[in-house]
Amino acid sequence: MRIAVLGGDGFVGWPTALHLSDLGHEVHIIDNLSRRWIDTELGVQSLTPMDSIQERCRIWHQETGRRIHFHLLDLATEYERLKLWLGESRPDAVIHFAEQRAAPYSMKTDRHKVYTVNNNTNATHNLLAALVETGIDAHLVHLGTMGVYGYSTVGAPIPEGYLDVVIDTPNGPREQQILYPTRPGSVYHMTKSLDQILFQFYAQNDGLRITDLHQGIVWGTHTDQTRRHEQLINRFDYDGDYGTVLNRFLIQAAIDYPLTVHGTGGQTRAFIHIQDCVRCIELALSDAPKSGERVRIFNQMTETHRVRDLAEMVSGMTGAKIAWLPNPRKEADENDLIVTNDQFLSLGLQPITLAEGLLAEVVDVARKYAHRIDRSRVPAVSAWTKDLAQRVEHDPEGKRLRSVS
Ligand code: USQ
């Protein structure tokens, strides 16, 4: 297949591009390199040293003989170029990762909220409009998030996209399936909720074939392909905006930084290893909906964990201390989470679990590159509201001199 990977320079996009190229597909990365610009804005860098996208593609060709093509294009602002590219290249599948993906970044300031909404919503809508206009029958696979549903305790499993409801009508009760209600907990998660509605409309109005993957928090860094050469290495974010919770705990342990648990750490979240992410995308590609069918929605996660249990596990493995910090986010202190993922299991996914010792591998990555960590970028200081900003802990290590009078 000819596959366009939009956002193919990112944390999940890059290993996906490699995985699909390895399977023999013709892969085209489309990316505006915004993630690299955001690193510059924030004054941080990936824990792992990343080469330019062109160099990464060159090394992949050198190692495998396969070519990955790179196109510098901004989906959100360059609609005409996008349409032209799609019309000329006519991909069989389009995988859409090209959105700003950090909840804390999306909540930093009003400017970051505006950027995240403009970028994510326009990117998705431009793509949908261009697919209709060019008449391409490509299967669109979108990286969505479990977080569209929010994280209050429901007491029942979260189904894969659709909820059976019974509606009282004048003629008696009627059964229906509706999109599972969204309840996003950040501006970023809100944009992914808006995406769902855009997909629903374009699938029903224009017969676009769409799969939406509701992914959990990704952990790990290597996949089979990124391991092949040091210069193919994946990015690894550890800073307070882009680092995700388990990867952050692992690098914190590696540099003897207290594990930054928000609140009581009672938040339960869905997780998936990066190797399973790329496998799930392969599986989703092999099971495309037909034109006229509703959007196919998968829960792309393999296990759920409570944040404090993860902190205690990493602490037990490494001896790291735990810092219990005021939560900068507006989220439930404690929640349960039950998620169904039957569709991927039935397609043959064999999940990699935390228990398999892979955590140690990530600690090794963290130790190897620990010299690249800027400790001042570790605290998560982006607050969800002005009130919460008052009590954000900027110094989890307790190193700053404090007044005693
Ligand atoms: N947390 C801590 N300490 C930290 C960092 C986070 O206790 O140092 C807590 C947060 O308060 C939150 C939980 O850990 O309760 C998860 O935070 P996260 O930063 O790991 O994940 P999140 O902001 O939800 O976003 C990440 C990805 C996003 C993806 C999402 C999947 O950045 O792109 O959509 O995970 S999900 O969480 O299932 O919505």
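Two strands are taken to pair if DSSP finds at least two bridges between them. Helices (H or I, at least four residues) and strands (E, at least two) are DSSP runs, numbered from the N terminus. The structure is a predicted model, in which local features need pLDDT of at least 70 and side-chain atom pairs count only at pLDDT 80 or more, while totals for chains, interfaces and linings use all residues. Residues are numbered from 1 along each chain as its sequence is written.

Strand β2 and strand β3 (residues 68–72) pair in the parallel sense, over five bridges, and H28 stands opposite H69 in β3. Strand β1 (residues 2–6) is likewise joined to β2 by five bridges, and β1 and β2 run parallel. R2 has E26 of β2 opposite. Between β1 and β2 the chain passes through helix α1 (residues 13–22), and this β-α-β crossover is right-handed; that is, with the strands pointing away from the viewer, the path from the first strand over the helix to the second runs clockwise.

Burial was assigned from C-beta atoms placed from the backbone: a residue is buried if 20 or more other C-beta atoms lie within 10 Å of its own, exposed if 12 or fewer, and partly exposed in between. Five of the six residues of β2 (residues 26–31) are buried, so this strand is largely enclosed by the rest of the structure. Helix α1 is mostly covered, with nine of its 10 residues buried; among them are W14, L18 and L20. The cover over the buried residues of α1 includes β1, β2, β3, β4 (93–96), α3 (53–64) and α9 (274–285). Just after α1, G24 adopts a positive phi of about 100 degrees.

A nonpolar core is defined as a set of buried Ala, Val, Leu, Ile, Met, Phe, Trp, Tyr and Cys residues joined through C-beta atoms within 7 Å. The largest such core has 89 residues, of which L6, I95, F249 and L250 touch the most other members. Helix α8 supplies the largest share of this core, seven residues. A second, separate core of eight residues includes A103, Y105, M107 and V187.

F249 lies in helix α8 and is buried, with 30 other C-beta atoms within 10 Å. Leaving aside neighbours within four places in sequence, F249 is in contact (C-beta atoms, placed from the backbone, within 7 Å) with L259, L310, A311 and V314. From F249 to D387 the separation is 138 residues in sequence and 26 Å in space, C-alpha to C-alpha. T134, in helix α6 (residues 110–134), counts as partly exposed, with 17 C-beta neighbours inside 10 Å. Not counting residues up to four places away in sequence, T134 touches K83, L86 and G87.

Technical notes: Two residues are in contact if their C-beta atoms, placed from the backbone, lie within 7 Å.
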